[in-house]
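This report describes the helical packing and the nonpolar cores of one protein model.

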Amino acid sequence: MADPISRPSLPAQCASNRCRRAARSGVLGRRPAEPDARLCGPCRRALAADLAALPALHRESEQHLVLPARQGGLARVTGHRPDPPPVSDAALEARHDAVVRLASWARLVLDETGAGKPPERTVPALAAFLGRHVGLLAAHPAAGPAADEIARVATALRGVVAPPRPELVPLGRCVEPGCEAEVTLPERGGDDLVLRGPMCGAGHVLTPRQWLLLNRRQSMSEAEETA
């Protein structure tokens, strides 16, 4: 009896959640891991890019530790000493989490290599250390969790440095005479709505009375369309 035809084994799939999410959403198929690694090429490059970006993100996030006066209110004076300015819990947590997570993965690398001096417990030193050993991380059984956790650290710091702006809901044309710009509101309300109300693209901020006029005009337009 002839020997069965040997078939080359398929490479293992990438261990990163980036690939899992993309496959579930149908954006692309789950990518195979690189030879001698547990991450695909794009996910390994994304891990290296996150590590390279972390020092600057951590440095910039320091500028967002103190909340603006409009969020924290005016400093209350007690006696001769004002209260300290309000601090952003999100910025504090993201900065602290970055150090803790990177230090944990640096310890794993040190345990695997069995040599070398531990890096300083700072984001620049830890990120540089891990960047030099990104190949070891990509090949480690914990490569998927490492890539995902470092990606979450970078995402959290990016959210502090440049928080995503809310989607704007169009309300209609401006009611100011001669202005045809679109009036919008943040989809989820928030500080922009409380502070300024609806505003058109030309910069006109609608008063409550103008907002009612806009709503009335919009309702009349919708009624005419359904008539």
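Axes here are lines fitted to C-alpha atoms, for helices over the stretch in contact, and angles run from 0 to 180 degrees between N-to-C directions. The structure is a predicted model, in which local features need pLDDT of at least 70 and side-chain atom pairs count only at pLDDT 80 or more, while totals for chains, interfaces and linings use all residues. Residues are numbered from 1 along each chain as its sequence is written, and side-chain values use heavy atoms, with hydrogens and water left out.

The protein chain contains nine helices and five strands; helices (H or I, at least four residues) and strands (E, at least two) are DSSP runs, numbered from the N terminus. Their order from the N terminus is α-α-α-β-β-α-α-α-α-β-β-α-β-α. Of its 227 residues, 33% count as buried, that is, under 20% relative accessible area, with exposed meaning over 50% and partly exposed in between (1.4 Å probe, protein chains only).

The axes of helix 2 and helix 5 come within 8 Å and cross at roughly 175°. Helix 2 is therefore roughly antiparallel to helix 5, a term for angles over 145 degrees. Contact means heavy atoms within 4.5 Å; L51, L54, P55 and H58 of helix 2 meet V123, P124, A127, L130 and G131 of helix 5. These residues comprise seven nonpolar, two polar and no charged. Here Ala, Val, Leu, Ile, Met, Phe, Trp, Tyr, Cys and Pro count as nonpolar, Asp, Glu, Lys and Arg as charged, and the others, Gly among them, as polar.

After helix 4 comes G114, with a positive phi near 70°.

A nonpolar core is a set of buried Ala, Val, Leu, Ile, Met, Phe, Trp, Tyr and Cys residues joined through side-chain atoms within 4.5 Å. The largest has 39 residues, and those with the most contacts inside it are L39, L54, L102, W105, L130, L137 and I150. Helix 4 supplies its largest share, eleven residues.

Conventions:
Angles under 35 degrees count as roughly parallel, over 145 as roughly antiparallel, 65 to 115 as roughly perpendicular and the rest as oblique.
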